[in-house]
Amino acid sequence: MKPIQRKYLKYLLIAIVCFLVFAFWPQRKEKEEGHPRDYAEIAADGILRAATEYNSISFFVDGDTVSGFHYELIEAFARDKGIQAQVSPVMSFDQRLKGLETGKYDVIAYGIPATSELKDSLLLTSPIILSKQVLVQRKATSENDSLFIRNQLDLAGRTLHVVKASPSILRIRNLGDEIGDTIYISEIEKYGSEQLIAMVAHGDIDYAVCDESIAQAAIDSLPQLDISTDISFTQFYSWGVSKQSPVLLDSLNTWLTSFRQGKEYKEILHKYYPVK
């Protein structure tokens, strides 16, 4: 073959490769992103993909044992439905939402407050638990400690740290309107609630907002912290599924209604939320 022919053959092969890449790239990307699944597709696959947060209440690993309130509940649901639960700890609430939108996860098995904002983008199950958001700060070092927040009015001009895209953001903004001043919000993407609590305890940040149950569990080993200031009222918390998964929502709700009446649910509840 003459050199000029080899040259044209080389260009022809490059053109073919480029055509194939551009022709099939959209399909490959779409396949990677996937789509929200409803219950029939999940049952056929035999695997329910759930996202939660890694903390001492929801999901944690102790040696070779996996535990957690939401972990045990979603495992019980999958067991009763004859499928397997694949539970992934995802620290960012924003990433859990995005994973739900792309079909990476089928359900967010983590306490989500039933706010009107979230109801626009999610289908929320019937209530799982009652809880509230609290301010995490260090205890006052003196009566004149200027950093210590004694009531919600003292939040004016302060910066509160939250997990990125946390549902508590809307509540903090509303609280700012209620006190007639600005409350600044710093969203942290790579850390979960317990990491933010530890940062407050060690003096890296001054304030964090998180679920009361997680904060309560943390202060047992971090007595320098104070969680007495409420950010929200006590409210219902639910799991979330995509708006394209209405049958999955019905399946979860039907199961929850029945399961909450039984002994197993009460044992799981009191294990992580002991009666005070």
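Colleague: Why do you say that Arg171 forms a salt bridge with Glu178?

Modeller: The closest N and O atoms of Arg171 and Glu178 are 2.9 Å apart, and a salt bridge needs a side-chain nitrogen of Lys or Arg within 4 Å of a carboxyl oxygen of Asp or Glu, so the pair qualifies. The model is predicted, so local features need pLDDT of at least 70 and side-chain atom pairs pLDDT 80 or more, while totals for chains, interfaces and linings use all residues. Residues are numbered from 1 along each chain as its sequence is written, and side-chain values use heavy atoms, with hydrogens and water left out.

Colleague: What makes Arg171 count as buried or exposed?

Modeller: Its relative accessibility is 16%, and buried means under 20%, exposed over 50% and partly exposed in between (1.4 Å probe, protein chains only), so Arg171 is buried.

Colleague: How do you know which parts of the chain Glu72 and Lys271 tie together?

Modeller: Glu72 forms a salt bridge with Lys271, with 2.9 Å between the closest N and O atoms. Glu72 lies in helix 3 (residues 69-81) and Lys271 in helix 10 (residues 263-272), so the bridge joins parts that are 199 residues apart in sequence. Helices (H or I, at least four residues) and strands (E, at least two) are DSSP runs, numbered from the N terminus. At 19% relative accessibility, Glu72 counts as buried.

Colleague: What makes Lys132 and Asp230 a salt bridge?

Modeller: Their side chains meet at 3.0 Å, N to O. Lys132 sits in the loop between strand 7 and strand 8 (133-138), and Asp230 in the loop between strand 12 (225-226) and strand 13 (235-241), 98 residues apart. Lys132 is buried at 14% relative accessibility, whereas Asp230, at 28%, is partly exposed. The structure holds eleven salt bridges, and Arg37, Asp45 and Asp106 are linked in a network of them.

Colleague: How do you know which domains supply the lining of the largest cavity?

Modeller: At least three residues come from each of domain 1 (37-129 + 235-270) and domain 2 (132-228), with bounds taken from an automatic or database domain assignment.
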